[in-house]
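Here is a short tour of a multi-chain model. Keep the sequence and the 3D view open while you read.

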Amino acid sequence: MNLLILITLSVIMLVMAVTAVVHKKLTVAVLATGVVSLMASVMYLLMAAPDVAMTEAAIGSGLSTIIFFYVLNKIRKAK
Amino acid sequence: MDFISPINVVAVSLGAAFFMGLLGKKAQTVSYILLLGALLFNTIVSGQWLYGLATNIIDAQQVYTAGFRPPFSINLLMGLDEAVITTLVNIVGLLGAIYMASGLHKKGSGSQVVYLVLIMSLNVIVLSRDLFNIFVFLEVGSIATAGLIIMQKGINAVSAGFKYMLATGIIASIMLIGVIFIYRFTGTLNLDFVMQSHPVLKQGALISSFLILMAILLELKPFPANGWALDVYESAHPGISAMLSSAVATANLFVLYKFTGMAGESLMYYISLIGLVTFVGSNLLGINQTNARRMLGYSSIGQIGLLVAIIGLVPHSNANFKLIFIGILTGHYFAKAGLFWIAGIVKAQNIKEWSVLRNRPVLLFLFLTFVLALTGFPPFPSFWGKWQLVMGLSQQGQIAAVIAILVGSFFEVVYLLRWAGYSIKLEPGKLPEVKLSQFIPVILFGLGIYATGYFVSQATNFGDTINYIPLVVVAILLVVDFLPAYIKNSLSILATGWFAYLLIPGQDTLKLVFTVIFLVGGILTLIPGFHVKGKRAGFYPSAMLMFGGLALLIEAENMLQFFFAWEIMTLGSYFLIIRGKESMVHAFSYMLFSVGGAYLILLGFGMVSVGNTGLSLNLLSQIKFYPVLAMALLAVGFMTKTASLGLHIWLPGAHGEAESDVSPMVSAILLKAGVFGLVLLMLAAGGEYNNYQGLFYTLGWIGALTALVGNLGAVFQEDAKRLLAYSSIGQLGYILFAFSIMSQLGWLTGFTYTINHFMFKAILFLSVGGIVMRLGTHNMYEMGGLIKKMPFSFIAVLIGIITLAGIPPLSGFSGKWLFYNAVIMKGWYFQGAIIFFAGTIAFLYCFKLIYSIFLGQLKDNHRNVKELPFWYLLPQYILILGIMVFSAKPDLILKPLGTALAAAFPSNPLIWEGTKALSQLGYWDATTIMIVIGTMFVILLIWLMLMSRKAQNVKQFNIVYAGERPERPELTHVSHNIYAGYNKALGFLVAPGITGFWNYATNLVESIGNFTRRIYSGNGQSYAIHLVSYIVVVFIIYISSI
Amino acid sequence: MEFTVSKILWTLLGLFIVLNWGLIMGGTMRKIVARVGKRYGIPIYQPYIDLVKNYSVRSQITHGVMFYLGPVFRLSGGVGIFLFLPLIFGSDHWSNFSFSGDLILILYFQFFGMLGMALGAGEGGHPYSAIGVSRGLSQFTTIEVPMTLAVISLAVQYNTLSISEIVAAQQGGLANWTMVTNPFATVAAMLSLLGAFGHSPFDLVKAPNEIPIGPPTEYHATYLGVLRTNAAILHVVEAALFMNLFFGGATNWFELILKTFLIYFWSVFVGVVFPRFRIEQSVQWFLKIPLILGIIAIIVVL
Amino acid sequence: METIALITSFVLILIGLYGILSQKNILKMIVGFSLFDTGLHVLIVTVGYIRGGTAPILDQVTGTSNVSDKIVDPIPQALVLTAIVIGLGVTALMLAYALKMYQEKQSLDIRDFKELKW
Amino acid sequence: MIRNFFIILIIAGLAGVFVSLFWEFGASDTLTPLATHYANNGAAEVGAPNLVTSIVVTYRGLDTLGEVTILFLVAAIISFFLKVEKKGQKMAPPRVSSEIILTASKLLVPVVLVLGIYVFVNGHLTPGGGFQGGAIIATAFVLLLMANPRFELNHRIIAAVESVSGMAFVLVGVLGILLAGGFLDNKILPLGHFGKLFSAGAIPIIYSLVGLKVGSELSNILSNFQDVQKDEL
């Protein structure tokens, strides 16, 4: 069961990662990165690492994404 | 004595940093004082440990955090190595903060916090024994650096900072991968435990340690994956660049050193390779730089590469490893920080604008100190380091590495000394105001580098045999440089006399000749200095550096002393030569050849030391490792000084453009240093019965061709001093040839030529130099008719050229006679014929010289020219006296010389019957010849006087001239290109083929550099690609080798 | 050897003989050249007349000390070579002061006179003097190369540099002469002799004199007398040197006079036949055939 | 399980790296960095994973003795915590740089910042 | 094109490095000796049930200090880096946030803050700790900003919290040297009863300080970006 979930997570992560790299729109890319992080934190839970999962969720998918959006927003405005 | 635990460095720094964050923007001064306080504290802690550990008051100590022993917790180790490195880091941290006082002030507490944290993190990475901990603090350091880079305003710093972050981000990630896998494969993160588990033995652990080492190597900016670092060096605040170059690099190097225990021997090989490639490559690219700070960046990277190479090359168990490392490290550390700091004072980016330093002699002095320290001149630490390195590597048989190191060093010398030349010679602009806070750190580092140099020298093998008295004399002269010239001149003469007094008594005959030439010659050529009015700033320290070096050369008993003296002398002569008005370029090329030669000598000495113990010069007679090659290297090294064919192109300019009284010093005296080296070498080779016949045969041919080309070159000169300079090339060719004969007569010839050349070239250069000074032109066709204005000089020059040409009865003929006998007995007929041909060519330029200057038509603008000053004539006439004595009684010198040579050259000696010398072939009685010719000349003169009646002196233009009457002396003075026909017939021999060769070589090097540096496209992403591909390429090479 | 009074007197006598023979030989040669050119020519004793006339000219000027000393140097050169050259083999009286130096001394002492003359002419301030000197020196350097090779060849052949010993080695008939034993060296040296005497085709050196200016005009009167004296002595002495080196020397004055005449005649003969070379031509010429001959001469004795 | 995680982490790292090396937009490069970091974190956690282990928190399930047989390795987890925070710091700083660069040049193309070269 | 090909090539190379590591990897069933020690003795030595916390705060406390320093550095750098000289330029007209966000933020912020504090105070007992708690606090701050873009955060207060907590962290560390076994030793306080809130020595204190510090630092960073938001270019 866990293995199946893990595989699914992996696939989502990789697809999102590729999206993040190749997609032209920055917002999409940033969001995709956030999703990758989020999936990773689920993965940590599966791998018995709740501390890491929390941190990744809060920092990796949360704060990083927010900062990204601040910057994106700023740049969009400047345009 | 209580030792403060090094962990307090972390605690105090961070505490202070956090507190400074609290202070906010209003209390900048308070926070700046806090910053200095914390940095001072760090310095005291590490200094205290250094003192304690160095004096064995205390043992190396482990600091355990959290109260657990490793591997359970992170521990720090404070040993002697760590103490040294942290002290270096903290000192430059403290002084850097003082230097950047205004910058840190302006930016507020934020930048001060970042600065402090950077220094703290460097301390931790040096001390920590935990891999992950080191990773964390490396990251702290990179982020702090990225923050400090943007202290400097402008797009350049921002984009450089971003490139830096890109690169360090990738590097850190690679390192993290390595660290985590090391944990996976060894089960620990503690460095000592990792090493105990021998990661080399397991493939996975090996790859992990490879990644860690690659990461730290990449932090050290290996060529060519280092574009990001260059941009930082160029664009960051100079204080920060200084910090990066000395403190950060030092700490990272130490980390590399700590980590090498994880790597196997095979990886060490690649580390050394990476280091060497970086050293050579980076310095090659440095050659094309015109931006001072970028150039310093290239140099930094090169030096760091060298240190990396040392870590990889020298076994850490080798007793000298630490000495080598510290020597080169401190040389780089002090010099690079100092130079970057000066760069901040100067502000100018282009190296040609650095002449502003001349407004502040102290600053210029410090600048030169740092540049010379970087290039590895004595007495700076890198000299000792490099010496020991070359010796050590040679003994390991790593000749290829030695060559790479020397090539890289040479490239570095090229651009650093060009820069030095610009700053000494170009017209200075306005120096920005120098703040005291900027000045103090530079001065302290200047002092530091001398002190460290002395310290390192004492630790070097045989370093305690170095005699520092000449350098003390130089230092004194530097201090009293504000005094008028005549006082300093007297002091210099006294000092030279004192050296002579110390050296001459009891000196063995062969060395005595050179001692007299070097030191008595030194006194004689210093005498004209009394004519100079004013201060003559910088002249006397340089001159005494040269004469001191020459004295040390005589005294040298081991190879280290010899090389030390050689470098000191080279340095002094460089500064003397570059004083000439137009001599910047020529001094530069002189220096390049000299340094190249010195490196060959160093390599040669290295080869000599292979398989031998000690450094005695006597080892030259028992070379075990490729003896012929070693001999040849040494010989070629010395031949750069004697300007032998192929290596001569520096000489005409250097001697021709030097100041009037410097030309005789460098020509009559300095060239003999090369001869001295050759003499030592050839004696050691075994004298008459040596195993190097082929080598000496070649040298003989080179000597003969040098003589021909030198003399022929002189014939076509219009510049009086260059004519003499070319003549020196020719004369030194004779000398090389004569010594190469390797027989007693050959050597007597060599010595006779040496002595004669010393005397007549000093006379000629003094006269001609004085005349050039009086007239303000070098061109002979602008002179003429000066015999009436300068009769004494005319007599001196006449005697000089008679001696030069070897016309009986003066002593030049002794040389010619000995030469013929030696050549015929040796059987070198064709070489001999070439030399003879060269000798007849000498007539051409002798005539041109004396005729164009003294005879023919006096020019209108010279009608009021006065005779040379007394101080110029005095040494000339003393030397004329010398020539007369040597001409009439050559046996005074040649007899004892023959006796001294008999040991090495027993067969076919010169036999003396009274004043008559007999060889197997012929005979010659100098005294009788002198009497016969003298008497005959007087009688014939009387005959003419009896026959002629009241010869009437007529005016200048009272000559028979077909049809018209000359009105201007210029039209009647035939001098320019008078050997046109000769040029048509033989000029092709002096077509600048050799100059062309060297030009081609230089252009080739430059264009390779220019082409290669295009990889630094400025695109940060490309730099990232370089980084990753570097890892991949090294990995592939490495993995395929194991 | 000592400087005894008798030695000095014998030497002076020798010098007197050489001077007279030189003058006569010079006159004879000019006569011969004139006859070859279908002219009547001067009387053979003309050089004596010239000499007396020059020495007795009343008015005289000088351009300076070196100008004055030039002829002295020149004459010293000629006389010096005479002094250091053993003239008659086996005769103690006629070996002059050759004990003070060997062949090398003579080779190098040639320069003494040339240098003085060049300097003296230089101070005269006449542009053509300098041109002449520069041409002369240029040509001279290349003349000396085959000469040197020949001398080296000789020294190797006879294993000595002493002229007396070289002559001694050639005694005992024509077959022992260097001319026979070492023909290449002899030819090389004889070719360079042409240049040394400065007759056509190697007389560009004197070309500026032909229009009535240059040293012989600046050097007038007594100076010219001294120079003429020197020329007379030098021609004989140089020929005698070649005689000693290549043609078996001379055991008596008659042999000396005959051989020197022939050697000198050789140069005049060639001069009459060949036209004048430009200076670069002569330089290159000497560095071709004579040089190759010289090299062969050395290879032969190796 | 760890095999898949390991492969995922490696591939993530490589994708991130490809982003860094190939994207011209600075923000996209930073996105690449984020991916790289995430991959790294997954890798570290995977290294510490023990089959069938529980979270390294001592509770009723694990008890306090012979814990070592029951839990996964806590050390990599501790390390990854640090790494995540560091990653955030680096990303934030890079973004600040990106912003500044944009302010200076109105461009986010890395190729436009080539004033310093050679 | 060539460039892209080359990039793929070197990434393939790097993949090669990974593959070689991958082959060596092999699944493991047992802990490393080091981890075993922590697992079996952690409770006794440090007294915290959450082993990750023991390691982060005590065994590898120096790393944590460094990590906190990094955030501190980043905050400091960004603050002076992104600072724009305000030259009396016009403020952009405030964007009126939607009612929902305003209400939600008023409601949520205190809850989130309490959650954050709970997470780091209980860091030694349950999953979570200083970093997570700090991040959560920062999230609360984000909510505030979202609700009111013109919300002026008092920098002084944030800075004060940041600095004081940092200094306290260092102080506790130094106390470890003075009172216990070494820098950052948690045994300056009694280990207490295993599994209780006030146990594990100084860990709760340190982790709380870390939480405060991380929270304030992250907020600081965010507010710096936010300040840039407000300043027009």
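Among contacts in chain A between residues at least 6 apart in sequence, 40% join residues at least 24 apart. Two residues are in contact if their C-beta atoms, placed from the backbone, lie within 7 Å. This is a predicted model, in which local features need pLDDT of at least 70, side-chain atom pairs count only at pLDDT 80 or more, and totals for chains, interfaces and linings use all residues. Residues are numbered from 1 along each chain as its sequence is written, while chains are lettered from A and ligands numbered from 1 in the order in which they are written.

**Chains A and E**

Chain A has three helices and zero strands. Its pattern along the sequence is α-α-α. Helices (H or I, at least four residues) and strands (E, at least two) are DSSP runs, numbered from the N terminus. The C-alpha trace of chain A spans about 50 × 25 × 10 Å along its principal axes.

Chain E also lacks strands: the count is eight helices and zero strands. Along the sequence, chain E reads α-α-α-α-α-α-α-α. In chain E, 71% of the contacts with a separation of 6 or more are between residues 24 or more positions apart.

The table lists burial for these two chains. A residue is buried if 20 or more other C-beta atoms lie within 10 Å of its own, exposed if 12 or fewer, and partly exposed in between, with C-beta atoms placed from the backbone.

| Chain | Residues | Share that counts as buried |
|---|---|---|
| Chain A | 79 residues | 57% buried |
| Chain E | 233 residues | 55% buried |

One residue of chain E gives a local example. L171(E) sits in helix α7 (residues 155-179) of chain E. L171(E) is partly exposed, because 14 other C-beta atoms lie within 10 Å. F183(E) is 12 residues away from L171(E) along the chain, and their C-alpha atoms are separated by 9.6 Å.

**Where chain D meets chain E**

This contact takes 35 residues from chain D and 42 residues from chain E. On the side of chain D that touches chain E, the elements giving two or more residues are α1 (2-22) and α3 (74-105) of chain D. α3(D) gives the most, with 15 residues. The residues on this side of chain D divide into 23 nonpolar, seven polar and five charged. Ala, Val, Leu, Ile, Met, Phe, Trp, Tyr, Cys and Pro count as nonpolar, Asp, Glu, Lys and Arg as charged, and the others, Gly among them, as polar.

How do the axes of α1(D) and α1(E) cross, and within what distance do they come? The axes of α1(D) and helix α1 (residues 2-25) of chain E come within 10 Å and cross at roughly 160°. Axes are lines fitted to C-alpha atoms, for helices over the stretch in contact, and angles run from 0 to 180 degrees between N-to-C directions. α1(D) and α1(E) are therefore roughly antiparallel to each other, a label for angles over 145 degrees. From α1(D), the contact residues include L6(D), F10(D) and L14(D). From α1(E), they include I7(E), I11(E) and F18(E). By class, this helix contact has 13 nonpolar, two polar and no charged residues.

**Where chain B meets chain C**

Here the contact takes 63 residues from chain B and 70 residues from chain C. Elements that give two or more residues to the chain B side include α32 (812-826), α33 (829-854) and α36 (926-947) of chain B. The largest share of that side, 12 residues, comes from α33(B). By class, the side of chain B that touches chain C has 43 nonpolar, 14 polar and six charged residues.

Strands also link these chains. β6(B) and strand β1 (residues 61-62) of chain C run parallel and are joined by two bridges. N953(B) has T62(C) as its bridge partner in β1(C). Two strands pair if DSSP finds at least two bridges between them.

**A sheet in chain B**

Chain B holds an open sheet of three strands, in the order β3-β4-β5, with antiparallel pairing. The edge strands are β3 (911-913) and β5 (923-925) of chain B, and each pairs on one side only. On average, neighbouring strands of this sheet are turned by 25° against each other, direction ignored. Strand β4 (residues 916-918) of chain B is joined to β5(B) by three bridges. Opposite A917(B) stands W924(B) in β5(B).

Note on methods
Parallel < 35°, antiparallel > 145°, perpendicular 65-115°, else oblique.
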